[in-house]
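Subject: Handover of a structural model

Dear colleague,

Please find the structure below, followed by a summary of what was found in it. I would be grateful if you could read the two side by side.

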Amino acid sequence: RCDVYESNANAYLKRLNALDEYASKVLQSVPGEVRVLVTAHDAFSYFGKRFGFEVIGLQGISTESEASVQDVNRLVNLLVQRKIPAIFVESTVPEKGIRALIEGASAQGHTVKIGGSLYSDAMGDSGTWSGTYMGMIDHNVTMITRALGGDAPARGREGRLAGGPDS
């Protein structure tokens with residue numbers, strides 16, 4: 001039995017390493033000047049450290065606190081000055097603050113889109129690819145890469161993400 005567990009663990013580690021290689025490759029295709037991940041709250045610091053992205057959360061680490069007008073204005077100015085093309089909502093956080101950023105940037109003549117919904121505190125629906133750890137990472141990495149101008153397949157590393165051209 002031990003050999004079965006070891007074999008399964010080794011196979012899973014190979015898949016995790018392949019996913020990490022994919023993430024590193026596609027995220028490096030995002031232009032350096034826009035390697036900024038703006039989300040509702042700061043749940044992606046691990047991501048920024050690992051892949052060399054500046055991570056900015058509108059609310060800080062808490063999903064309970066409201067962002068101040070100064071926080072919104074500061075982020076709007078950053079989006080406009082750095083020409084960041086997309087910001088992200090999170091599956092577990094209301095979109096209200098993110099919408100304020102989009103409207104503020106628009107008022108200054110800069111279009112910012114919602115690059116998609118990222119999984120931060122939860123995975124996708126049970127029984128789906130994004131409902132697994134590997135699928136969640138594939139989803140987030142692919143979504144971030146494509147929304148910020150990098151090159152990643154629409155359906156992710158394994159072609160299993162929803163929303164691609166053939167889904």
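This is a predicted model: local features need pLDDT of at least 70, side-chain atom pairs count only at pLDDT 80 or more; totals for chains, interfaces and linings use all residues.

At 1.5 Å a residue, the 26 residues of α1 should span 38 Å, and its end C-alpha atoms are 37 Å apart, which agrees. The expected span of a helix is taken as 1.5 Å times one less than its number of residues. Helices (H or I, at least four residues) and strands (E, at least two) are DSSP runs, numbered from the N terminus.

Residues are numbered from 1 along each chain as its sequence is written, and side-chain values use heavy atoms, with hydrogens and water left out.

Helices α1 and α5

In α1, the residues L19, Y22, A23, V26 and L27 are buried; buried means under 20% relative accessible area, exposed over 50%, and partly exposed in between (1.4 Å probe, protein chains only). The cover over the buried residues of α1 includes α2 and α5, where contact means heavy atoms within 4.5 Å.

Helix α5, residues 133-147, has 15 residues and reaches 21 Å from its first C-alpha to its last, close to the 21 Å expected at 1.5 Å a residue. Of these 15 residues, 12 are buried, so that α5 is mostly covered. Among the buried residues are G135, H139 and A147. Their cover includes α1 (2-27), β1 (36-39), α2 (45-51), β3 (86-90) and β4 (113-118). Just after α5, G149 takes a positive phi of about 95°.

How do α1 and α5 lie relative to each other? Their axes come within 10 Å and cross at roughly 10°. That makes α1 roughly parallel to α5. Axes here are lines fitted to C-alpha atoms, for helices over the stretch in contact, and angles run from 0 to 180 degrees between N-to-C directions. Angles under 35 degrees count as roughly parallel, over 145 as roughly antiparallel, 65 to 115 as roughly perpendicular and the rest as oblique.

On the α1 side, Y12, R15, L16, L19, Y22, A23, V26 and L27 meet Y133, M134, I137, D138, V141, T142, I144 and T145 of α5. The residues of this contact divide into 12 nonpolar, 2 polar and 2 charged. In this division Ala, Val, Leu, Ile, Met, Phe, Trp, Tyr, Cys and Pro count as nonpolar, Asp, Glu, Lys and Arg as charged, and the others, Gly among them, as polar.

Two residues of α5 may be considered individually. N140, in helix α5, is buried with a relative accessible area of 3%. Not counting residues up to four places away in sequence, N140 touches F44, L118 and Y119. M136, which also lies in helix α5, is buried with a relative accessible area of 10%.

Helices α3 and α4

The axes of α3 (residues 69-82) and α4 (residues 96-107) come within 9 Å and cross at roughly 55°. These two helices are therefore oblique to each other. From α3, V72, L75, V76, L79 and V80 meet A100, L101, G104 and A105 in α4. This contact of α3 with α4 comprises 8 nonpolar residues, 1 polar and no charged.

L37 is found in strand β1 and, at 0% relative accessibility, counts as buried. Leaving aside residues up to four places away in sequence, L37 touches F44, F47, F53, E54, V55, I56, F88, L118 and I144.

D42 lies in the loop between β1 and α2 and counts as partly exposed at 26% relative accessibility. The C-alpha atoms of D42 and G57 are separated by 4.1 Å, although the two residues are 15 residues apart along the chain.

K83 is placed in the loop between α3 and β3. With a relative accessible area of 59%, K83 is exposed. Its phi is near 55°, a positive value in a residue other than glycine.

Yours sincerely
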